[in-house]
Amino acid sequence: MGRAFVYVILGGGVAAGYAALEFTKRGVPPGELCIISEEPVAPYERPALSKGFLLPESPARLPSFHTCVGANEERLTPKWYKEHGIELVLGTRVKSVDVRRKKLLTATGETISYKILLIATGARALKLEEFGLNGSEAENVCYLRDLADANGLVNAMQSCAGGNAVVIGGGYIGMECAASLAINKINVTMVFPEVHCMARLFTPKIASYYEEYYQSKGIKFTKGTVLSSFEFDSNGKVTAVNLRDGSCLPADLVVVGIGIRPNTSLFEGQLTLEKGGIKVNGKLQTSIDSVYAVGDVAVFPVKLFGETRRLEHVDLARKSAKHAVAAIMEPEKSGEFDYLPFFYSRVFGLSWQFYGDNVGEAVHFGDFSGTTFGAYWISKGHLIGSFLEGGTKEEYEAIATATRLKPLVEDLVELEQQGLNFALTV
Ligand code: FDA
Ligand code: NAD
């Protein structure tokens with residue numbers, strides 16, 4: 001025996017919240033939809049955890065950042081779910097799923113059945129142990145994926161005021177946490193193996209702008225090396241970080257952001273997996289008709305590039321959730337998902353947006369000693385990616401539109417001279 005729903009969303013993160021809103025907009029009757037989440041709180045805007053949540057003054061706290069405030073939609077508080085007859089099963093891990101029988105089993109021993117399953121299990125932070133290092137259990141070693149991690153980081157920051165933090169990883173988490181730590185008046189050193197920060201996206205020229213800006217805020221960089229071990233005190237707290245280049249950094253706090261792995265394990269051997277995620281078609285439907293997947297966990301066809309991708313960004317979580325629900329509720333009306341990849345970040349007073357793909361030749365433009373600059377990426381003669389720091393709403397819209405159009409670019413020198421004007425007039 002157990003409960004039965006028409007629609008079950010597995011996972012209670014960003015995509016789950018946006019899917020719930022779309023289900024209600026499309027008139028799902030009370031009692032038909034259930035969200036099961038390991039987290040003890042209703043879906044929230046995860047990006048807040050590395051930004052507003054870590055501020056020393058007036059930090060963001062729930063319920064202020066429940067979904068879907070991030071897209072200026074309604075804010076879905078627990079009361080909202082109740083009013084819409086959506087069952088929230090929180091603090092509950094799903095242990096197994098049988099996609100043929102359309103049933104899942106929770107860690108509390110309950111069986112829940114469905115007609116349609118929407119997988120929104122997101123991803124987990126990679127642990128140092130997966131690279132053969134020990135120490136993740138120490139109370140002053142922090143990861144940042146969920147609210148519990150964010151609370152842990154806030155506590156750790158409070159007990160190391162004026163102290164030293166080492167940030168391991170030069171990606172999104174590393175960059176955003178380093179900025180937040182510095183704002184909290186903690187001395188920060190970032191350590192990462194690449195030659196510059198944000199190596200997955202930034203060109204060396206873009207990276208050097210942010211690195212210089214960070215240095216002006218007192219943040220130090222140790223590049224081209226990785227952690228080799230921790231030093232501990234008698235209470236098991238980390239006191240220093242040993243690096244492979246032989247140096248040692250004193251540490252009252254360590255923040256680790258070394259990438260993620262999508263949560264696919266429940267579906268191995270049941271659904272087609274590809275590129276580390278769950279493969280879906282243009283309707284966000286997996287290899288089993290009654291199962292859809294969205295957000296960080298989904299590998300989907302990006303029409304614009306003519307290939308499948310897995311993306312780890314909030315805009316994709318929101319839009320793929322919306323599209324999947326449309327495909328579920330009105331299959332004959334909904335077309336193929338046609339997504340323009342969009343990433344952004346905000347640190348200190350800086351703010352950038354990126355659209356498209358960062359392959360091919362990069363053409364920089366604007367004033368790299370000022371506040372507004374950017375880059376285009378040209379591949380096979382077409383503009384396929386655009387980056388802009390310090391833009392206005394109109395300018396960001398212009399680079400998004402230009403990127404979607406994939407215009408032909410014949411002269412790179414002319415493009416460089418035109419800069420932002422190219423996007424504004426395309
Ligand atoms: P998400 O991770 O949000 O949710 C997955 C949910 O599934 C979780 O609630 C989890 O507990 C649950 N779950 C997993 N397995 C389960 C199981 N077996 N049983 C029950 N529940 C289970 N992006 C961006 O574009 N701009 C930004 O500024 C940021 N900033 C940012 C900051 C921080 C700190 C993080 C960690 C991430 C970002 N991101 C971001 C990335 C963005 O937040 C991310 O892409 C989305 O949250 C993905 O949404 P999903 O719903 O796919 O997964
Ligand atoms: P990431 O992939 O952005 O960066 C990982 C970094 O870890 C790499 O840049 C590298 O420097 C480093 N690294 C990898 N292996 C290492 C090792 N063995 N030792 C030391 N360093 C190593 O991942 P992340 O920063 O951990 O971010 C996690 C997730 O959160 C991503 O999905 C990201 O998209 C998301 N996120 C996004 C934003 C945003 O879009 N603004 C903000 C925060 C988090």
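Predicted model: local features only at pLDDT ≥ 70, side-chain atom pairs only at ≥ 80, totals over all residues.

Modeller: Let's start with ligand 2. One of its oxygen atoms is 3.0 Å from a polar backbone atom of G170. That is a polar contact, meaning a pair of N or O atoms within 3.5 Å.

Biologist: Which backbone atom of G257 lies 3.3 Å from an oxygen atom of ligand 2?

Modeller: A backbone N or O atom of G257. G171 also takes part: a polar backbone atom there is 3.4 Å from an oxygen atom of ligand 2.

Biologist: How much of the accessible area of ligand 2 does the protein cover?

Modeller: On its own, ligand 2 has 850 Å² of accessible area, and the protein covers 85% of that. Such areas come from the Shrake-Rupley method with a 1.4 Å probe.

Biologist: How many residues surround ligand 2?

Modeller: 21 residues, and the closest are I173, E176, E194, E312 and Y344. A residue is near a molecule if one of its heavy atoms lies within 4 Å of it.

Biologist: Which element gives the largest share of that shell?

Modeller: α4, with three residues. Helices are DSSP runs (H or I, at least four residues), and strands are too (E, at least two); both are numbered from the N terminus.

Biologist: Now ligand 1. Which residues are closest?

Modeller: E39, R46, K51, R145 and D296, out of 34 that surround ligand 1. An oxygen atom of ligand 1 is also 3.4 Å from an N or O atom in the side chain of S37. Taken alone, ligand 1 exposes 1,000 Å², and the protein buries 93% of that.

Biologist: New topic. How do β12 and β13 run?

Modeller: Parallel, with four bridges joining β12 (residues 187-192) to β13 (residues 220-223). Strands pair if DSSP finds at least two bridges between them. V191 stands opposite T222 in β13.

Biologist: Which helix makes a β-α-β unit with β12 and β13?

Modeller: Helix α5 (residues 204-216), and the unit is right-handed. With the strands pointing away from the viewer, the path from the first strand over the helix to the second runs clockwise.

Key:
Residues numbered from 1 in each chain as written. Chains lettered and ligands numbered in written order. Heavy atoms only, no water. Polar contact = N/O pair within 3.5 Å; in protein donor to acceptor, adjacent residues only side chain to side chain.
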